[in-house]
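Reader: I would like to learn how to read sheets, helix contacts and charged pairs in a model of this kind. Could we go through them one feature at a time?

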Amino acid sequence: MSGSHAGSGRHVVVVGAGIAGLAAAHRLLAHGARVTVLEASGRVGGKLLPGEIAGARVDLGAESMLARRPEAVGLAREVGLADRLQPPATATASLWTRGALRPMPKGHVMGVPGTADALAGVLSDEGLARIGRDAELPRTEVGDDVAVGEYVAARVGREVVDRLVEPLLGGVYAGDAYRISMRSAVPQLFEAARTHTSLTEAVRGIQAKAAASAPAGPVFMGLAGGVGTLPFAVADSLRARGAEILTGAPVTELRRAPEDGWRVLAGGRVLHADAVVVAVPAPAAAALLRAEAPGAAAELAGVEYASMALVTLAFRRAETALPEGSGFLVPPVDGRTIKASTFASAKWGWIAEENPGLVVLRTSVGRHGETEILRRDDAGLVEVSRHDLKAAVGLDATPVATRVTRWQDGLPQYPVGHHARVARVRGHLAPLAGLAVCGAAYDGVGIPACVASAYAAADQIHGDLHGVQELTAHPVQSLHGAAGE
């Protein structure tokens, strides 16, 4: 199989049809390339997965996109989904801590407050007083990188980390704040920490800058029908423009071709490509790169992943009363099993409109290092979710349907030094013209960050194949920074 198909440009193979691989293919087509996308599984989309419960359309993976970054929303518009973009119906969330649901404090950067105002009830009196001492402390050096929890605890105390930072960071990375890199996970906080002595002063500065420069509109955006429908729309757009997408086609070997370009072995078929974009999780990327880039492969093999499960439940609306808001986060220090719950019917207007007789909500279970809970069967995960929901919001109704979605090794971890690891990976790949990597393992786990990573990889390939001067003379689209969310 040669891989040749419609189009007259150079042939690029994209390995992986998650949102990063599909976005890379989208960008490559705009650059004039011929594109073949190879996906090992039977579907496109990766961690974006649409589904249904009790006849209601829902997301079984990621459910929203950061709208303050343009890449993901821009991609949705480009593939014809502008009329389905929809902000959350409510952005008011809570913390389930100290035995009660408490309003999520405002005026913070990933849980780090600018002041102790509005934190009563979330923090103890001692914890509140500890925040005030930040202004009196000498500078805490952050060096080349530092763990978010370590730095924040040193400045404003462990209570802020345990009851505010942990649940918010955990919602993004399913990780441990005392291991997660501040430089990679909260880059704006890291940069502020390098120039400010006081952390609370730095947070207030970040907030003031954001208020002055933030575009109008919602912070997050969803899609009617679910964010999980985005990959299918991108795939349809790719096929309509001549790209080939092959599912059930695992790539087992990637080698430089003796004559020129690359030789890709997929399901016993050989494809010849002028360039390759590897858009698969780090372990799979490591396996593919081992022959031609052993240094990069060794680095990628060291990337750890967290597993988690989403428990989706549907209840009869007549039997269900939930508090206002979009849901709640749970600090691990409170010892609960679930780490969050989203009131999907309240958060997304399209779910409520399509299913007036149902209330759909979901819980998330599991984070990095927590493997025991995920050994329970689906019924066990539903049981612990219902137990915690009853304790949190008094929900005691029997669900009309339940669904458990397990994401084994679903979220890459960004420990201290992650940015340096990524730099080493790219350094090892630099001599190999026509080869690029992208995805959640590099510059951010959110959908916009993955799309930005994909665009950067596609632009690199275009530069390798046609020269940087042509790339800069004929830009396809301005590329915004790919720092993590």
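Reader: In what order do the seven strands of the open sheet lie, and what is their pairing?

Author: First, the model is predicted. As a general idea, strands of a sheet pair through backbone hydrogen bonds, either parallel or antiparallel. Here the seven strands follow the order β8-β7-β18-β19-β20-β17-β21, and the pairing is mixed. At the edges stand β8 (100-103) and β21 (401-412), each of which pairs on one side only. From one strand to the next, the twist averages 30°.

Reader: How many bridges join β17 to β21, and in which sense do the two strands run?

Author: β17 (residues 305-316) and β21 run antiparallel and are joined by nine bridges.

Reader: What is the strand order in the open sheet of three strands?

Author: That order is β5-β11-β6, with antiparallel pairing. β5 (65-66) and β6 (85-86) are the edges and have a single partner strand each, so one side of each lacks a neighbour in the sheet.

Reader: How many residues lie between β3 and β4 in their hairpin?

Author: Two residues lie between them, and Ala 54 in the turn has a positive phi of about 50°. The strands themselves, β3 (residues 50-53) and β4 (residues 56-59), run antiparallel and are joined by four bridges.

Reader: On to helix pairs. At what angle do the axes of α10 and α11 cross?

Author: A helix pair can be read in steps: angle, handedness, then the residues in contact. The axes of α10 (residues 282-289) and α11 (residues 294-301) come within 8 Å and cross at roughly 160°. Angles over 145 degrees count as roughly antiparallel, and α10 and α11 are therefore roughly antiparallel to each other. Their crossing is left-handed. On the α10 side the contact is made by Ala 282, Ala 285, Ala 286 and Leu 289; on the α11 side, by Pro 294, Ala 296, Ala 297, Leu 300 and Ala 301. By class, these residues are nine nonpolar, no polar and no charged.

Reader: At what angle do α4 and α5 pack, and is their crossing left-handed or right-handed?

Author: α4 (residues 148-156) and α5 (residues 158-173) pack at about 145°, with axes 8 Å apart. The crossing is right-handed. The α4 residues in the contact are Val 148, Gly 149, Val 152, Ala 153 and Val 156, and those of α5 are Arg 158, Val 160, Val 161, Val 165 and Leu 169. The classes are eight nonpolar, one polar and one charged.

Reader: How are α1 and α16 oriented to each other?

Author: α1 (residues 19-30) packs against α16 (residues 447-466) at about 40°, with the axes 8 Å apart. α1 and α16 are therefore oblique to each other. The crossing is right-handed. Among the contact residues are Ile 19, His 26 and Arg 27 of α1, and Cys 450, Tyr 455 and Asp 459 of α16. The contact has 12 nonpolar, one polar and two charged residues.

Reader: Last, the charged pairs. How many salt bridges are found in the whole structure?

Author: In general, side chains of opposite charge can pair when their charged atoms come close. The search of the whole structure finds 23 salt bridges. One case is Asp 274 with Arg 10, at 3.6 Å from N to O. The pair links distant parts of the chain, 264 residues apart. Asp 274 lies in the loop between β15 (269-273) and β16 (275-278), and Arg 10 lies in the segment before β1 (11-15).

Note on methods: Residues are numbered from 1 along each chain as its sequence is written. This is a predicted model: local features need pLDDT of at least 70, side-chain atom pairs count only at pLDDT 80 or more; totals for chains, interfaces and linings use all residues. Side-chain values use heavy atoms; hydrogens and water are left out. Axes are lines fitted to C-alpha atoms, for helices over the stretch in contact, and angles run from 0 to 180 degrees between N-to-C directions. Angles under 35 degrees count as roughly parallel, over 145 as roughly antiparallel, 65 to 115 as roughly perpendicular and the rest as oblique. A crossing is left-handed if the near helix is turned anticlockwise from the far one by less than a right angle, and right-handed if clockwise. Contact means heavy atoms within 4.5 Å. Ala, Val, Leu, Ile, Met, Phe, Trp, Tyr, Cys and Pro count as nonpolar, Asp, Glu, Lys and Arg as charged, and the others, Gly among them, as polar. Two strands pair if DSSP finds at least two bridges between them. A salt bridge is a side-chain nitrogen of Lys or Arg within 4 Å of a carboxyl oxygen of Asp or Glu.
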